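Hi,

Here is the structure I promised to pass on.

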Amino acid sequence: MSELILYLNIIRRNPIYLAGLVIVSLFVVVGLIAPYILTRPGDAWGLTYDINKRLSPPSLEHLFGTDEYGRDLFNRVLLGTRFSLVIGVGVVALSLAIGIPVGLIAGYVGGKAGTALMRVTDMFLAFPPLLLAIALAATFGRGLSNTILALSLSWWPWYSRLIYLQVSSVRNLPYVDAAKVIGISEARIMFRHVLPNSLTPVITQATLDIGSAILEASALSFLGIGVPPPTPEWGLLVSSGWRLISVAWWVSFFPGLAIVITVLGFNLLGDAVKELMDPRLRNLLSMRRV
Amino acid sequence: MRSLLEINELTKYFPVKTGLFGRVVGYVRAVDGVSFKISEGAVFALVGESGSGKTTILRCVLRLTEPTSGEILIEGRNVTQLRGKDLKWFRRNVQAVFQNPYLSLNPRMKVKDLIAEPLKTHTNVSKNEVYRKVAEVLALVGLPEIVANQYPPNLSGGQAQRVAIARALSIEPKLLLLDEPTSALDVSVQAQILNLLVELKEKLGLTYLLVTHDLSVVRYMSDYIAVMYLGKIMEIGTAEEIFSEPKHPYTLALLSSVPELNPQAKKLKKKIILPGEPPSPMNPPSGCRLSNRCPYATKECVTEEPKLTKITETHYVRCLRHEDLSSLITREA
Amino acid sequence: MSEEKLLKVSELTIHYHTVEGIIKAVRNISLEVNVGDSLCIVGESGSGKSTLGLAISLSLPKNAVVVSGSILYKGRDLLKLKTSEVGRYRGKEISMIFQDPATTFNPLFTIGEHLTDILRHHFGMSREEALERAVELLKMVRLPDQARILHAYPHELSGGMLQRAAIAAALSTNPKILIADEPTTMLDVTTQAQILDLINSLKRELNLTLILITHNLGIAGEVCSRTAVMYAGTLLEEGPTEDIILNPLHPYTAKLIKAVPIITKTQGRLSHIPGVLPDLRNPPKGCPFVDRCELATPECSASQPEYFRVGGVRRVACILYGGEHE
């Protein structure tokens, strides 16, 4: 508990970290409650339209203006937060769910199975991730879950590599030897002693990656192989306004801004997490004696 | 007294492989034909510098490394062949304390969970019982109960090493292996831990195998000593024999290289500084392993490999010139 | 005193600013070192001995703050140097070697590149001159086969050889003062004996002024004529090494000596020091050892004891020796 207070103190003292924390918190909260605070749910979900109001510029009534079907963009961007949250968290969670066991088994159990797992990992790593995601997304077809799946399949090898490297060094630490000497089962050693001590860099990376996942999902939608319209996904919104950028800048601008701010927020928070996980800080923590 | 631990002709060779294709190009002879016995209730010290093989022996005894050949017997049972229930028996009876408690205790587990782990693995005690037992062993090593809720990084070095000792002793083993148990600690803390180890040995009737490079620690608590160099025992005997009548030039060099506190004793002491550094155990020198650094080496020392020679019932030395040694030293002085 | 001291540390106080609070690492320390002296600073972890060494060698980390005091080197206050002047002293007049010699060397450069870089930077030597001098330096620290070592990378050398190379690098600028921070702690005992022997001969040959920082009183006895004992950021006593070992004045020193197992005889229980180091964020107002001292009186916790002179050449911060003020 006192560690949490210390962490918050460090974040509080650094305005950049604080900005990251505020943006991400806001993003998560809005993502969670968005469907319940919509003023024009029909517009947000793309079920209604009003041709008379098409492409009206930002005003008090329509804060972000309207799109080519006259739908309120503010409501659409607001609801888009939820999709981005689902995609960002979904992609990272699914990638971790595949990457961590693979890396853990390859690093701790080793042997032929371990080597085989790392070969598969290396094969995936040979492709540029976004290119792989595009290929997979095109194969799977459009849809929210397909987008998450395509991105996760191009990402998990990075986590399995990271975990593998960590586990390979942690497994040689004296406390693992000590656990063996005590006669603790290999499975327990793996999950209780090795895994928790190998997660630090993965947590840092995962924080940064939520932002990148949102960005890449938007890219897929922009290319027309991600989430299908009329879903108010940010990338899709940007793409729909792209042709109209000279007549109605706001259609692409506000969802684009949402993407930029969110990705920036996760990057800043990732930096903060990196510092909080820094072993030097751990050392300082460990200077506290009973 | 019967032997609790007996080691016969133990060898451990580590293959050295070339980078790209993993072809074996040679072997590091980390332990090369080592034999000794530890009787119940004794403190046996393996002394040597890095590369002497002392830690490899300890790892073999703990089954953290598979020996290349030789036998390790605990109460007559061959350790390397134990399986299932017998292996569990072995784990319960042979425990270890390592050098750096901050590294040998999982930093993300509370002290009480660390100590409960061996209890849960080896005994059928209930949950309440476990934590009562944890408090009991903490008291045994002189720690207050509040330590149970701490994480190891928040403890001082001495406290953390006490936790490591408590953890090893919680399941009441017969043999405790001590791997440089105090070399990561401050002097004043070292004294506390050494006293504690001696007390616990008497109280619980433990047997210790101590592995260290620190001769003053050895002197303080050992009954028998084996001095190792490049994988072989150079000299073995009772503590009194090794410290009062060392017969091997390497033992002499080790003894004289310990910085002496008393300035008057220092003036009387003859210093033997060995030139150079231990050669790689991958290709040890021919003949006696110390021959290229020994100030008393002759031609025979380079060509002939000395055997462990009996001096008394308990004292053995591996040196061709051990009979001349005392006269050689007095002549120089 | 007629001659000027080579080094004079006066009332030095250093704090570290950390997320955990302000750690008062060195408190009100005064020391003097003459040309050719060898002074050992003995202490356990948390005593502030390394911080003192880093301060004198102008190598304090960024989060260290010198709160007060001065470090006069040949009459010049090192703490008041301009940034542009620091290079003239650090590594030049005052060199330092560390516990882990690997920290001295960048793993990507050979020993030869390191030595010649320093020589060319400080003396403007040509490549050939620098190489020649580097070979001499390696000979001086008794490293055999100098040509091979010049081309070796740090990881290719053993700990003992690397520490010798680090000593060669430290001495390459002809410093007046060498600060050695636990130079043998990571080495094997027989190698430790070699390095101490080397430091002893270099001290004589080069008339080097040596400040050795160690936790091992035995090493102090092997190398240094004078010893200062530190505890919890303060200096408890100072005097000739032999006197301190044979007849320690401060209760802490006495306890520390008794806690070391003696190799020449068997002994019963070791005497240990009960209790723990005080919290350096909030050190006791009086004597820092008061909580662990059997002889402590209420007066001890009232205020930090002054130094008392004993026998002309010794001083101790303990009221047991009250009477003759410094």
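This is a predicted model: local features need pLDDT of at least 70, side-chain atom pairs count only at pLDDT 80 or more; totals for chains, interfaces and linings use all residues.

Helix 4 of chain A passes helix 10 of chain A in a right-handed crossing (left-handed if the near helix is turned anticlockwise from the far one by less than a right angle, right-handed if clockwise). Residues are numbered from 1 along each chain as its sequence is written, chains are lettered from A and ligands numbered from 1 in the order in which they are written, and side-chain values use heavy atoms, with hydrogens and water left out.

Back to that pair: helix 4 covers residues 73-109 of chain A and helix 10 covers residues 200-222 of chain A, and they pack at about 130 degrees with axes 8 Å apart. (Axes are lines fitted to C-alpha atoms, for helices over the stretch in contact, and angles run from 0 to 180 degrees between N-to-C directions.) That angle makes helix 4 of chain A oblique to helix 10 of chain A; under 35 degrees counts as roughly parallel, over 145 as roughly antiparallel, 65 to 115 as roughly perpendicular and the rest as oblique. Contact means heavy atoms within 4.5 Å, and the residues making it include A:Gly88 and A:Leu96 of helix 4 and A:Asp209 and A:Ala213 of helix 10. By class, that contact has 11 nonpolar, 2 polar and 1 charged residues.

Helix 10 of chain A also packs with helix 7 (residues 144-170) of chain A, at about 160 degrees and with axes 11 Å apart. Helices 7 and 10 of chain A are therefore roughly antiparallel to each other, and their crossing is right-handed. Among the residues in this contact are A:Trp155 and A:Tyr159 of helix 7, and A:Asp209 and A:Glu216 of helix 10.

What about chain A as a whole? Chain A has 13 helices and 0 strands (DSSP runs numbered from the N terminus: helices are H or I with at least four residues, strands E with at least two). Its C-alpha atoms fill a box of roughly 75 × 45 × 30 Å along the principal axes. Of the 290 residues of chain A, 48% count as buried, meaning under 20% relative accessible area with a 1.4 Å probe, protein chains only. Among contacts in chain A between residues at least 6 apart in sequence, 71% join residues at least 24 apart.

Cheers

Methods:
Ala, Val, Leu, Ile, Met, Phe, Trp, Tyr, Cys and Pro count as nonpolar, Asp, Glu, Lys and Arg as charged, and the others, Gly among them, as polar. Buried means under 20% relative accessible area, exposed over 50%, partly exposed in between (1.4 Å probe, protein chains only).
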